[in-house]
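Keep the viewer open while you read.

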Amino acid sequence: MNEEELTLSSTMPPKRSRRRFLVGAAGGLSALVAAACGKSQPTPTPSPLPSLTPTSTATATQVAQSSLLAPPQGAYESRMPWIASEGSALADAQVLIPEPSMTPTPPKLPTATPTPEPPTPTPTPQATPFPPGPPSKLGVLVTRNDPQIFDLLDSKGVAVLKTLELDANFVKQVKQHSPNTRVVARMPDADLAQVELSTLDPIPAAQAYVERLLPYADDGNRRPYIDGWESYNEPVAGNSDEMKKWADFEAERTRLLGDRGIRSVIGNFGTGQPSGPNEPFEMWQQFLPAIQAAQQYDGWLGLHEYSAPTMYYLTTRDNMGRYPGVSSSDTGWLTLRYRQVYDQILSPQGLAIPLVMTELGVDGMVGANRPGPTDARGWHHFQKYWADNNYGLWGPGAYIEQLVWYDQAMQQNDYVLGGCIYAMAGSASWESYDILGDAARVLQQYLQVHAPA
């Protein structure tokens with residue numbers, strides 16, 4: 001990440017700052033605990049969101065163990081403001097706290113610096129294999145070619161692959177190794193400035209964008225192997241007018257490409273976005289014209305979902321240990337946020353178009369005051385935290401376990417096509433997110449026994 005990218009968060013609108021995001025959560029915890037102890041502090045005003053308590057018919061899915069350790073015994077340290085109702089067990093208290101305010105995380109832009117030489121290999125611990133199960137919806141995001149990508153594809157279990165590597169031979173080989181893998185592509189960031197919605201003239205901008213994209217998207221050597229195209233990465237609408245501009249841009253782009261038989265993947269919002277100034281999902285209404293155009297032209301919605309220090313943080317399964325399970329009624333503000341969007345906005349209006357999580361994983365930039373090491377970024381930086389807090393002593397196995405939990409959630413929603421782990425063969429400066437090596441080998445074993453029949 002270059003210095004410009006590192007300062008992105010400081011330029012975001014202050015109303016959604018990461019510090020306010022988690023300070024809000026901490027404040028809610030203090031007030032609720034005080035109330036539970038009988039102190040006469042004011043009761044915080046609840047969010048107008050409907051209760052998200054799961055129904056009694058929901059069944060939790062247990063995440064299989066992949067690392068050397070047996071599931072730890074005993075209680076887990078509480079890190080989130082869960083309040084159990086009187087007479088109920090903590091494991092049953094699956095109520096989502098009101099949404100904290102937040103600022104989007106900086107987009108993960110590739111840099112032009114060379115990829116460093118890999119470290120000297122160390123012996124890989126013998127992991128307990130995952131047992132067979134239903135087809136996985138996990139996939140990966142790649143920015144460059146690497147032989148281990150094709151080892152993973154040979155499992156035939158990679159649901160979706162997002163690529164910034166647009167070499168025609170590369171995308172062809174992806175489909176040759178795994179014909180059923182859906183491929184999403186995006187123009188390289190070096191050829192694409194970040195969109196500024198406040199000054200965007202959406203219709204001419206969409207036309208200009210398509211003109212620049214067509215040499216890739218309509219090229220006969222690439223077109224047969226790429227299933228959908230994104231546009232700008234992680235747009236941030238500061239108000240309803242900016243969201244309407246983004247919707248008009250994406251709708252026009254979708255129509256222009258759709259008339260040529262080329263699919264669009266629209267939205268591509270960052271973690272926790274879009275989030276309105278008054279209600280968490282209010283700006284989705286302004287984006288519906290783009291959803292409607294995508295529905296007409298067989299398009300897909302793209303979202304990013306990250307969390308930290310674990311994939312469970314700020315979901316209704318946080319604070320439930322290493323193997324929390326997941327049911328169809330679980331939801332969250334970072335990961336599993338997509339369920340709120342579909343349940344509250346899209347499905348009731350008949351707009352539940354196919355969804356791809358075009359980026360997902362553990363990302364320490366989701367909030368300055370989140371649990372865990374403050375300077376941590378990708379999953380590599382959280383391995384000691386996981387070991388210290390009973391999430392597994394071996395980092396690669398512990399991370400894949402968390403991704404398997406998210407996979408099992410995606411499997412419970414038919415509209416989800418898959419999700420791309422960020423990243424495999426990622427760009428320089430983002431090495432702490434990369435799963436190349438041991439983590440990819442654990443993932444490969446999981447996908448081999450969770451491939452379509």
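## The nonpolar core

A quick definition first: a nonpolar core is a set of buried Ala, Val, Leu, Ile, Met, Phe, Trp, Tyr and Cys residues joined through side-chain atoms within 4.5 Å. Bear in mind that this is a predicted model. Its largest nonpolar core holds 116 residues, and those with the most contacts inside it are W284, F287, I291, L301, Y338, I435 and L443. Helix α10 (residues 395–411) is the top contributor to this core, giving 9 residues.

What does W284 touch? Leaving aside residues up to four places away in sequence, W284 is in contact with F269, P274, I291, L301, L303, V341 and I345.

## Aromatic pairs

Searching the whole structure turns up 20 aromatic pairs. Y209 and F249 are both buried.

For the stacked kind, go to Y342 and Y415: their ring centres are 4.0 Å apart and their planes sit at 0°, so the pair counts as stacked. Y342 lies in helix α8 (residues 337–346), while Y415 lies in the loop between α10 and β8 (416–421), so here the parts tied together are 73 residues apart in sequence. Are these two buried or exposed? Y342 has 0% relative accessibility and counts as buried; Y415 is buried too, with a relative accessible area of 14%.

Next, the strands. The sheet is open, with 8 strands in the order β4-β3-β2-β1-β8-β7-β6-β5 and parallel pairing. At the edges are β4 (228–229) and β5 (265–269), each pairing on one side only. Helix α6 packs on this sheet, touching β4 and β5, and its direction makes about 150° with that of β5.

How many bridges join β5 to strand β6 (residues 300–307)? There are 4, and the two strands run parallel. V265 has W300 in β6 as its bridge partner. Although β5 is an edge strand, β5 is mostly covered, with 5 of its 5 residues buried. Elsewhere in the sheet, strand β1 (residues 138–142) and strand β2 (residues 160–163) pair in the parallel sense over 3 bridges, and V142 has T163 in β2 as its bridge partner.

## Helix packing

Two packed helices are described by the angle between their axes and the distance between the axes. Helix α7 (residues 284–296) packs with α8 at an angle of about 85°, and their axes are 12 Å apart. Angles of 65 to 115 degrees count as roughly perpendicular, and α7 and α8 are therefore roughly perpendicular to each other. On the α7 side the contact is made by W284, Q285, L288 and I291; on the α8 side it is made by V341, I345 and L346.

Helix α11 (residues 438–448) is mostly covered as well, with 8 of its 11 residues buried. The buried set is D438, A439, A440, V442, L443, Q444, Y446 and L447. What do they pack against? The buried residues of α11 pack against β1, α3 (147–153), α10 and β8.

Note on methods. Residues numbered from 1 in each chain as written. Predicted model: local features only at pLDDT ≥ 70, side-chain atom pairs only at ≥ 80, totals over all residues. Heavy atoms only, no water. Buried < 20%, exposed > 50% of the residue type's maximum accessible area, 1.4 Å probe, protein only. Contact = heavy atoms within 4.5 Å. Phe/Tyr/Trp six-rings, centres within 6.5 Å; stacked < 30°, edge-to-face > 60°. Pairing = 2+ DSSP bridges. Axes fitted to C-alpha atoms, helices over the stretch in contact; angles between N-to-C directions. Parallel < 35°, antiparallel > 145°, perpendicular 65-115°, else oblique.
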